[in-house]
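Let's take a walk through a structure together, one topic at a time. Have the sequence and the 3D view ready, and look up each residue as we get to it.

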Amino acid sequence: MAKVLEGPGMGLMKKWGITVPHYVVVTSVDELEKLGHANEWLKKSKLVVKAHEALGSRFKLGLVKVGLDLKEAEAATKEMIGRQAGSITVSQVIVSEMIPHKEEYYCAVKSTREGTDILVANCGGIEVESNWSRVKRLTMEVGQQPSEEALERLAKDAGFHGPLVKKMAQFAGKMFSCFDSEDAQYLEVNPVVLREHEHELIALDAVTLLDGDAKFRHPDWNFAFAAEFGRAYSKHEMEVMAVDSKIKGSVKFIEIPGGDTAMLPAGGGASVYYSDAVVARGGKLANYAEYSGDPPDWAVEVLTDKVCSLPGIKNIIVGGAIANFTDVKKTFGGIINGFRKAQSEGKLKGVKIWVRRGGPREKEGLDAMRALKDEGFDINVFDRNTPLTDIVDKALQK
Amino acid sequence: MSILANKDTYVVIQGGVAGVNAARRMAEFCYLIKRSLNVLAFVYPPDAGKTHEIPYGSGLVAVPIYKSVAEATKNHPQINTSLVYIGADRAMKGGMEALDDSHIKVVSMITEGVPEKDAKILGRHATKLGKVFNGPSSIGIVSAGSCRLGVIGGAFDNLVLSKLYREGSFGVITKSGGLSNEIIWICSQFADGITTAIGIGGDTYPGTDYVSYLDMFENDPQTKAVVIVGEMGGDLEERAAEWYGAKKRRVKLLAVVSGFCQESLPKGMKFGHAGAKEGLKGEGSARSKSDALKKYGAIVPATFGALGPAIKETYQELLKSGQVKEPVEPTVLPKLPKTIEEAMKADEVMVAPLIRTTISDDRGDEPCYDGYPASELINKGYEIPHVVGLLWDKRLISKQEAEIVKRIMMLSADHGPCVSGALGTIIAACAGIGLSQSVAAGLIMIGPRFGGAVTDAGRFFKYAVDNKMSVDDFLAYMKKNHGPVPGIGHRVKSLRNPDKRVKELVGYVKSLNINTPCLDFALEVEKITSVKKDNLILNVDGTMAAVLVDIGFPVDSLNGFFILSRTIGLIGHWVDQKRQDSRLIRLFDYLVNYAAPKRREVPPLK
């Protein structure tokens, strides 16, 4: 799943006929000033200014300001740009018009195993979470399109009356079109509002999750996906991602500050079992990592370099199951080169290395690892006869 | 027995290189269990009509490549299974093509990164048709002793170690491809091995879930227990738990779930497979899954490491209740023939080499000439003539000798467009022929009458010097045995019109104060012959020959100096004609003396 920031998310909704407030995404006050000259609405409307970054709880951090005129919005922009929030520096703000409204509603579309669920409620904002029973659901099977009647029935079920039934049905229909055509996995508008003195439903705030795997058929996805865990990617994480995008197979790396057990296991499945074992033994993970699909040795070397560069680590877990087709000797060659490089840079002092692996050319690979002992590494090597996660038990033994 | 894949499973593989690699692995398994190769066809339009040669034992099986699944099944009606190795952007089309073919009952998609929507559409289409769509991102399916689909099971040695050559009693369903071998191995070490192991893929919505396969295992009497390797995210494990609790099941269910580490990670931080994503309110978490499985009576070891002992315990119970018997291991198993390389490495075979070389070797990271690395020669200031010395005479020539060789090459690099060699190249170039062939056309001209006298001249001058012959004796010997002296005589040059190149070369060599017996002898010969006829002078071939013999080059290499030097000129002529875009040329009639009979009537054929 790939998270999309508000700006591009609203852009996609607009594309599918959903009314969104006027908005601009700017990177400087100058830009906003210039846009102010060119756009009537920026002068006339009350405005909302929000940091346009993958951050949770922006309200609490003071990164959302409401009810501003253009001058105040410019001041807020100036204040927000460049501000540090955790590891993220605010580089963009989104300025949008405030929509005066009375009622708030809710609409979401989500992927399920059987197909797609369309969710509608006649309450919105924080009210939805406390009134989840008021959310009504229309379940669509894979490949099925919702009919007008079904959508109107859904709106009625959710408690809409009169002309709002048709409006909400149409709104939900457009949400579905957007979801279905854009390979979305989750779309949520909360709240949906009705502008005072007008009769149009507007999407005030949107959560957009797209299927990153479908990027190949969406040439107009010209935006970057946002990090999913409320912080920006670190330099090392981005370097590994850059390698990952270039190679056959995969290498993955996520830093977890404060941990002392470094992970360098093989396989998307086994890597999580290894992480579980560390946690179960009371260890503290310093990172998540994984390589699989017979990646080239240089890619594994880059990954190893990043793992060895983690601060304050005591153990490195080079775990792995019995591989199907990943060449153990070749991938271990990359790890060994990475270890040697780290050692020459003065890293790995007092760090214990634990190895367990099987698969094509396992004997050659494990022998090469064992030979590292002669080069001064504190390394313990086990073969398939040692159960998968036992090296974690040995490493974390008090 | 087994599920999904068995002795009657025959396969078409859709895709390119990855599919061929899988076929090789599948052939190894077929060889182990002594069945013929179960891959009958490939579908890969760019190579349609060709075959892939798949090693089977010590031989090769030619598997045809077709442009469509329909064409493959028409030619091989036994095909009932397709493996999809097509790229993510075209995988759905390929999967649909396979599902829509009436012969095909099972489609397993190995492709990773398939859009979720496409996977759902494929899964639904298969259900509608009553077929099985497994994957995407599946590592494959293997039924012990009968059928392997994909690379699951790993290398040949691992197939044997994991006892995949005969049936056991445990079914395996796993999202993780990397762990499939681990579980198969564990089942073979702690119990009697597997019946069928299925990789369902780590995506959020695999085409077929645990429950469908659990139903199949429940109906397979050979399978006594099923091991599920789960992951956080989605609700497939919960559904499997409910299935197990819904009624009394014949099979025992064992399960492990990963993702407990999530509980102690910073909020929102997720990793693992695409499907390993926790839903709202803790649903899909490792804990909710393992709780559900336990609740409905499945055996759920606390850690992955405890899975082996749990499987062992289950197996012991099955033995005790008589539901399974200790398996009988075959006494002899086929051994995968080694490749020549492997056998040589293990000192098991001796191969008589086909050729022998004494001059160069490029098996390392760079070529070595007579043992010297090329880069080191460059960095220590050696030049082209030294490389010639190393490769033609296996010796590192001196700086002075190199200078002589260089001058010889410069003097004979070209001799204008009219000589046989250049003309040959130019005619070819004008006919639109490529560089190497045109240069070859010029080189072909080098022989006894053009440029090719160097070797012979060297040989005879050396013969005379070695045998201490006088010039008169030498000329008499030549006249009697061989004819004109090679290296003496020129078509246009003469005493009055000397060849500047000869003068230049002789002058330089003589200035060096080195011993030049052959050159001295050749010049003596010229003194006599040029008196007889003034164009019987020492020509450039003869001069080169004498000098090269004097500095120690073997007689057989001498023509090489002319060939090498003149190649520079011939390449120049070809490039020159090419750049001018020269027209095709032919001789004018007036340049031909037509001496053939006049036109006459053809007599009737007898």
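## Where the two chains meet

Start at the boundary: 46 residues of chain A are in contact with 48 residues of chain B, where "in contact" means that the C-beta atoms of two residues, placed from the backbone, lie within 7 Å. On chain A's side, the elements giving two or more residues are β14 (250–255), α9 (268–280) and β16 (287–292) of chain A. Those labels come from DSSP runs numbered from the N terminus: helices are H or I runs of at least four residues, and strands are E runs of at least two. The largest share of this side, twelve residues, comes from α9(A). Sorted by class, the side of chain A that touches chain B has 24 nonpolar, 13 polar and nine charged residues. Here Ala, Val, Leu, Ile, Met, Phe, Trp, Tyr, Cys and Pro count as nonpolar, Asp, Glu, Lys and Arg as charged, and the others, Gly among them, as polar.

A quick word on the ground rules. This is a predicted model, in which local features need pLDDT of at least 70 and side-chain atom pairs count only at pLDDT 80 or more, while totals for chains, interfaces and linings use all residues. Residues are numbered from 1 along each chain as its sequence is written, and chains are lettered from A and ligands numbered from 1 in the order in which they are written.

## Chain B as a whole

Chain B has 22 helices and 16 strands. Its C-alpha trace spans about 120 × 70 × 55 Å along the principal axes. The radius of gyration of chain B is 40 Å, whereas a compact globule of 606 residues would have one near 25 Å. That radius is taken over C-alpha atoms, and the globule rule is 2.2 Å times the number of residues to the power 0.38.

How is chain B divided into domains? The assignment gives domain 1 (11–320), domain 2 (360–397) and domain 3 (420–580), with bounds that come from an automatic or database domain assignment. The centres of domain 1 and domain 3 of chain B, taken over C-alpha atoms, are 75 Å apart. Of the 606 residues in chain B, 46% are buried. Buried means that 20 or more other C-beta atoms lie within 10 Å of a residue's own, exposed means 12 or fewer, and partly exposed is in between, with C-beta atoms placed from the backbone.

## A helix with a buried face

Now go to helix α12 (residues 362–370) of chain A, where A:Glu362, A:Gly365, A:Leu366 and A:Met369 are buried. Down the axis of α12(A), these buried residues fall within an arc of 95 degrees, so they line one face of the helix; the arc is that of the directions from the helix axis to the C-beta atoms. Why might such spacing work? An α-helix has 3.6 residues a turn, so residues three or four places apart point the same way.

What do the buried residues of α12(A) pack against? They pack against α11 (328–344), β18 (352–356) and β19 (378–382) of chain A.

Most residues other than glycine have a negative phi, and most peptide bonds are trans. Here are some exceptions to look up. The peptide bond from A:Asn190 to A:Pro191 is cis, with omega near 5 degrees, and A:Pro191 sits in strand β11 (residues 184–195) of chain A. Another cis bond joins B:Gly135 and B:Pro136, with omega about 5 degrees. B:Pro136 is in the loop between β7 (132–134) and β8 (140–143) of chain B.

B:Ser137 is found in that loop between β7 and β8 too, and has a positive phi of about 60 degrees although it is not a glycine. Is B:Lys468 buried or exposed? B:Lys468 is exposed, with 8 other C-beta atoms within 10 Å, whereas B:Ser137 is buried, with 25. Phi of B:Lys468 is also positive, near 50 degrees, and B:Lys468 lies in the loop between α17 (454–466) and α18 (471–481) of chain B.

## Nonpolar cores

The largest nonpolar core has 162 residues, and those with the most contacts inside it include A:Ile316 and B:Val172. Such a core is a set of buried Ala, Val, Leu, Ile, Met, Phe, Trp, Tyr and Cys residues joined through C-beta atoms within 7 Å. Helix α1 (residues 17–32) of chain B gives the most to this core, with eight residues.
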